[in-house]
Amino acid sequence: TNAENMMGRPRILTPEEHVAAASLYRSGLSILNVAIRIGKPRATVRNALLRLGVTMREKHRPCSDFETRSKAHRTLAINEAAFDEITPEAAYWIGFLMADGNIGPRGTNSYKITLDLKSSDADHVRKFRDFLGSSHSIQIDSRCAYFSFVSTPLAIRLMSFGITPRKFKTAKVVGLEHNRDFWRGVVDGDGTIRIAKVGHRLYPRLQLVGSQPLITQFLAFVRTICPQCEANVLSHKSIFMGVLMGRFAHAVISYLYSDASRYLPRKQQIAAE
């Protein structure tokens with residue numbers, strides 16, 4: 001059978017295959033049909049779904065104590081449903097991770113999530129840890145505040161929004177294109193807000209650096225706030241950016257930061273000024 005022919009294929013799912021497997025199974029397909037769709041052995045797909053924390057339909061419940069053993073390996077607390085509901089804070093952290101976070105493989109079908117900021121932003125790292133309900137430690141030295149943990153369910157959930165491994169050149173948000181909390185998180189991570197002097201006059205300036213697809217999406221979001229804005233994606237070698245000045249920068253900064261519930265304090269202070 002097709003399923004038997006797949007037994008010789010690699011038993012490791014790529015990030016895209018993880019996302020696809022969870023989506024297809026939740027849509028109603030059987031594990032066997034999911035395996036056929038993505039070209040992987042049935043057992044590999046089933047075990048990957050279990051690691052993701054996907055609820056098995058009764059007829060697919062495993063006969064072993066796989067889930068019990070898997071959960072027993074986790075000794076530190078973390079809320080793996082933190083991004084299941086897109087609250088303003090959840091959207092913010094998705095945006096911040098899109099800019100400054102990292103997801104990478106850790107062993108077979110497991111993923112590690114990392115947030116690494118400069119040491120002066122350690123409190124912001126703590127807020128992210130608190131949002132996750134995590135008991136993991138934060139490593140702080142004179143240069144950086146480093147927080148990392150292994151959670152395949154959270155990693156796959158974040159990948160479904162476009163936060164994929166090696167995202168620097170390809171990052172593109174999925175599903176939150178017009179969410180102001182998401183974009184405030186992105187700006188807090190990879191944006192610059194300042195007062196620029198042109199001649200004898202002062203102007204607000206907003207600049208965002210990122211992949212070409214993400215900057216294109218950001219400027220499309222800007223035009224929902226300022227339809228007259230004609231800013232284009234700027235490039236220098238492999239770096240892409242979007243730059244807003246004057247009234248357009250003022251309008252977008254105000255929209256992003258007014259009455260916001262979560263923000264990077266130093267960026268919010270400049271936004272208020």
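Me: How many bridges join strand E5 to strand E6?
Reply: 8 bridges, with E5 covering residues 191-198, E6 covering residues 201-210, and the two running antiparallel. Keep in mind that this is a predicted model.

Me: Which residue in E6 does Arg194 stand opposite?
Reply: Another arginine, Arg205.

Me: And what sits in the hairpin of E5 and E6?
Reply: There are 2 residues between the strands, and Gly199 takes a positive phi near 65 degrees there.

Me: What about E6 and strand E8, parallel or antiparallel?
Reply: Antiparallel, over 6 bridges, with E8 spanning residues 239-245. In that pairing Leu206 stands opposite Leu244 of E8.

Me: Remind me, what holds paired strands together in general?
Reply: Strands of a sheet pair through backbone hydrogen bonds, and they can do so in parallel or antiparallel fashion.

Me: OK, other sheet. In what order do its 4 strands come?
Reply: E1-E2-E4-E3, as an open sheet with antiparallel pairing. The edges are E1 (101-105) and E3 (139-140), each of which pairs on one side only.

Me: How many bridges between E1 and E2?
Reply: 5, and E2 takes in residues 111-118. Asn102 stands opposite Thr114 of E2.

Me: Which helix packs on that sheet?
Reply: Helix H8, residues 152-159. H8 touches E1, E2 and E4 (144-150), and its direction makes about 75 degrees with that of E2.

Me: Switching to the inside. Which residues touch the most other members in the largest nonpolar core?
Reply: Phe83, Phe128, Leu132, Trp183, Leu206, Phe218 and Leu244, out of 60 residues in that core.

Me: Take Leu132. What is Leu132 in contact with, leaving aside neighbours within four places in sequence?
Reply: Ile78, Asn79, Ala82, Phe83, Phe147, Phe149 and Leu154.

Me: What about a second core, how many residues?
Reply: 15, in a separate core that includes Leu13, Ala21, Ile31 and Leu50.

Me: Ile31 is in H3, I think. Which residues of helix H3 are buried?
Reply: Ile31, Val34, Ala35 and Ile38, in a helix that runs over residues 31-38. Looking down the axis of H3, the buried residues fall within an arc of 100 degrees, so they line one face of the helix. Just after H3 comes Gly39, which has a positive phi of about 75 degrees.

Me: What does Ala99 touch, not counting residues up to four places away?
Reply: Lys167, Val186, Gly189 and Asp190. The C-alpha atoms of Ala99 and Leu214 are separated by 9.9 Å, while the two residues are 115 residues apart along the chain.

Me: Last bit, the overview. How many helices and strands are in the protein?
Reply: 12 helices and 8 strands. Buried residues make up 47% of the 273 residues. Of the contacts with a separation of 6 or more, 65% are between residues 24 or more positions apart.

Me: And what does the accessible surface come to?
Reply: About 14,100 Å², with 49% of that belonging to carbon and sulfur atoms.

Terms used. Residues are numbered from 1 along each chain as its sequence is written. This is a predicted model: local features need pLDDT of at least 70, side-chain atom pairs count only at pLDDT 80 or more; totals for chains, interfaces and linings use all residues. Side-chain values use heavy atoms; hydrogens and water are left out. Two strands pair if DSSP finds at least two bridges between them. Contact means heavy atoms within 4.5 Å. Axes are lines fitted to C-alpha atoms, for helices over the stretch in contact, and angles run from 0 to 180 degrees between N-to-C directions. A nonpolar core is a set of buried Ala, Val, Leu, Ile, Met, Phe, Trp, Tyr and Cys residues joined through side-chain atoms within 4.5 Å. Buried means under 20% relative accessible area, exposed over 50%, partly exposed in between (1.4 Å probe, protein chains only). Accessible areas come from the Shrake-Rupley method with a 1.4 Å probe; for residues, only the protein chains shown count as cover. The arc is that of the directions from the helix axis to the C-beta atoms.
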